[in-house]
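Here are a few exercises to work through with the model open on your screen. Try each task before you read its solution.

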Amino acid sequence: MIVPHTAMVLAAGYGKRMQPLTHATPKPLLQVDGKTMLDHALDRLHEAAVSHVVVNAGYLGDQIAAHVAARGTPVMTVSREATPLETGGGVKQALPLLGDDPIYVLNADLPWQDGPTPALGRLRAIWNSASMDVLLLLMPKGHAHGFGPAGDFDFLPDGRAQRRMHPPPYSHVFIGVFIVKPQLYQAVPATIFSNNLIFDQAEAAGRLCACVHDGTCYHIGTPEDLARANALLASGQGWGTP
């Protein structure tokens, strides 16, 4: 059995910074390069032979559910959120649908382009349950579009990710893709919490690791970012180093 063979796609957020585009359309259904950001994530998972995907739906969730229902592959289940649960709470609610093996978790609104080897395959090849609880996909801060100057993590020579030892700035940004053991969510008593809590706990245990992305990425946070991301692709310039 392929591990991870199951994935969680986070698609329940409000996308407030994307207003007015998100007044009537959830952010994951906005289009990048002629395809919704949600479809970019789902296509990557299908290409990686993931057999079951859970997509959470909150804000304008009927649109998310209808979009998922209209796709044939991969096999998908929608996890509805009556109230916002944040990223970690969304995964925790969906645990009965995800099983006990390590899973992929992807943000539905942070598109990336693969390098020579697909990123999900690279994460899968690096994953080691004996030494890791979380494996993040990071990118050098100066190579990714749409991120601020602070960064998210340092990438250490031994393959671990770190941010607890000093305040920002950090050398790398997190681009919204990771492998995680579901048991970490089961151990959190709260129902509403961020994935950052899971990352902090894994780091404190010395079990937060990372893979450095060898492709490109655009953090699309505003309507201007969306227009710029699409313009760069249409021009043929792409999302290389800003």
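**Exercise 1.** Work out the strand order of the open sheet of 7 strands, and find which strands stand at its edges.

*Solution.* Bear in mind that you're looking at a predicted model. Start with the order: reading across, you get S5-S4-S1-S6-S11-S8-S12, and the pairing is mixed. Next, look at the two ends. Strand S5 (75-80) and strand S12 (208-212) each have a single partner strand, so one side of each has no neighbour in the sheet. Finally, check the twist, which averages 30° from one strand to the next.

**Exercise 2.** Zoom in on S1 and S6: do these strands run parallel or antiparallel? Then find the helix that packs on the sheet there.

*Solution.* Strand S1 (residues 6-10) and strand S6 (residues 103-107) run parallel, joined by 4 bridges. For a landmark, pick Leu-10, which sits opposite Asn-107 in S6. Now bring in helix H1 (residues 37-47): it packs on the sheet and touches S1, strand S4 (52-57), S5 and S6. Compare directions, and you'll find that H1 makes about 170° with S1.

**Exercise 3.** Describe the largest pocket: how much space lies in it, and what lines it?

*Solution.* First, the volume: about 940 Å³. Second, the lining: 38 residues, with Leu-10, Gly-13, Thr-87, Asn-107 and Asp-109 nearest the centre. Third, the elements giving two or more residues to the lining are helix H3 (86-93), strand S11 (172-180) and helix H7 (195-204). Last, sort the lining by class: 17 nonpolar, 13 polar and 8 charged residues.

How values were computed:
Residues numbered from 1 in each chain as written. Predicted model: local features only at pLDDT ≥ 70, side-chain atom pairs only at ≥ 80, totals over all residues. Heavy atoms only, no water. 1 Å grid on protein atoms, 1.4 Å probe; cavity = no way out; pocket = protein on both sides within 12 Å on 5 of 7 lines; lining within 4 Å. Points joined across faces, edges and corners; volume = space filled by probe spheres on them. Nonpolar A, V, L, I, M, F, W, Y, C, P; charged D, E, K, R; others polar. Pairing = 2+ DSSP bridges. Axes fitted to C-alpha atoms, helices over the stretch in contact; angles between N-to-C directions. Contact = heavy atoms within 4.5 Å.
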